[in-house]
Amino acid sequence: MFTIPKILRPYFKSDKRLFGEVSKLIFSLLSEFFSLVAGQELLCACVVSYQSFGEFARFHPHWHVLVLEGGFTKYDRFVYLPIGADEGMLKVWQATILSLFLHKKLIDQARVNMLKDWKHSGFSIESETRLFSKADREALGQYVVRGATCAEKIQYDPASDTVFWTAAPKGFYKGKTETFKGFEFVDQLVAHLPPRRVQLVRRYGVYAGKVRKQWQERPSINRLAPEGWQKRHPDKSLIVQKSPQESEETDQAPDAWSKLRRQSWARLLQKVYEVDPFVCPKCQGSMSVVAIIEDPKELAKIITWAKQQEREHPVAVCARSPPELALAPV
């Protein structure tokens, strides 16, 4: 985990995209460290998750980093290098952040010199946590993407317009309770809302999307990939060419993973554009995918036909009386 001093934290509240540049700097710092120790350039990997809050939603920007200890050479040979955040790495972290702020003209050289003279700089790196089991990885993964609060921690009293926030009993605050007025509570939480379409969790190196597409073609990386990923993406060198009949059967009976991907596609469209692609915009009825047409010529024909129909048969909206319903005999 990477942290910064309190004096620099307000800049991340005023510029909510600044954390992305810091996330990229963290990966560059780790990559240079591993490459320097190995004596050659390595392709490293890390997942950086930015969180702007601490307990009671206090503004406390920090970065949780899941690091692959080591990296891959240009021949895809993995080199294991255990990492430890010593005094040297801490100084590099401090110098990197100060250089970024100085370059963006957020602080001047006098402020940089002042921060360097502090006995306790406020910069810190925690690197003692190790994940050896799947359960530990899942638990930490859920922790680094959690929200600022949850329903179990807060209680609201409408009579006094007061919010009671109780910290976790096993944490640093050991069950301490703080109170907020309703407006103060909302204001405290709004400060942590990220800009629209901004990703707080970013993947770099081997974990980046561009490189993950190559895992299947690189056996040395593919064999070290998670078991679930290997099942969904078998090694291309081991894939046996299927007969045309087998291919047709596979296309006619898509697996569960294909269905799940289509559901995720619809869910992401609804989340980003706030439009459900499976709801008819006219009657609000439920729709389903009948076919997928990718041929540009066929698409052009359909679009031309639709435009022609609009010109020849304009939709006329006129008032009419309700239909006459025959009464059934009793």
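Mentor: Helix α2 (residues 18-38) lies across β1 (2-3), β2, β3 and β10, and runs at about 35 degrees to β3. Keep in mind that this is a predicted model: local features need pLDDT of at least 70, side-chain atom pairs count only at pLDDT 80 or more, and totals for chains, interfaces and linings use all residues. Residues are numbered from 1 along each chain as its sequence is written, and side-chain values use heavy atoms, with hydrogens and water left out.

Trainee: Why are α3 and α4 called roughly antiparallel?

Mentor: Angles run from 0 to 180 degrees between N-to-C directions, with axes fitted to C-alpha atoms, for helices over the stretch in contact. Under 35 degrees counts as roughly parallel, over 145 as roughly antiparallel, 65 to 115 as roughly perpendicular, and the rest as oblique. Helix α3 (residues 87-103) and helix α4 (residues 109-117) pack at about 165 degrees, their axes 10 Å apart. The two are therefore roughly antiparallel.

Trainee: Which residues meet there?

Mentor: From α3 you have Gln 94, Leu 98 and Leu 102, and from α4 Gln 109, Val 112, Leu 115 and Lys 116. They divide into 4 nonpolar, 2 polar and 1 charged.

Trainee: What makes β2 and β3 a pair?

Mentor: Two strands pair if DSSP finds at least two bridges between them. Strands themselves are DSSP runs of E, at least two residues, while helices are runs of H or I, at least four, all numbered from the N terminus. β2 and β3 have 7 bridges, in the antiparallel sense, and Cys 46 stands opposite Val 67 in β3. They belong to an open sheet of 5 strands in the order β6-β1-β3-β2-β10, where β6 (124-125) and β10 (201-205) are the edge strands, each pairing on one side only.

Trainee: How do you know that the side chain of Glu 55 makes a polar contact with Trp 165?

Mentor: A polar contact is a pair of N or O atoms within 3.5 Å; within protein, one must be able to donate a hydrogen and the other to accept it, and residues adjacent in sequence count only if both atoms are side-chain atoms. Glu 55 and the side chain of Trp 165 come out at 3.1 Å. The side chains of Glu 55 and Lys 153 also qualify, at 3.4 Å. As for its place, Glu 55 is in the loop between β2 (45-53) and β3 (59-67).

How values were computed. Contact = heavy atoms within 4.5 Å. Nonpolar A, V, L, I, M, F, W, Y, C, P; charged D, E, K, R; others polar.
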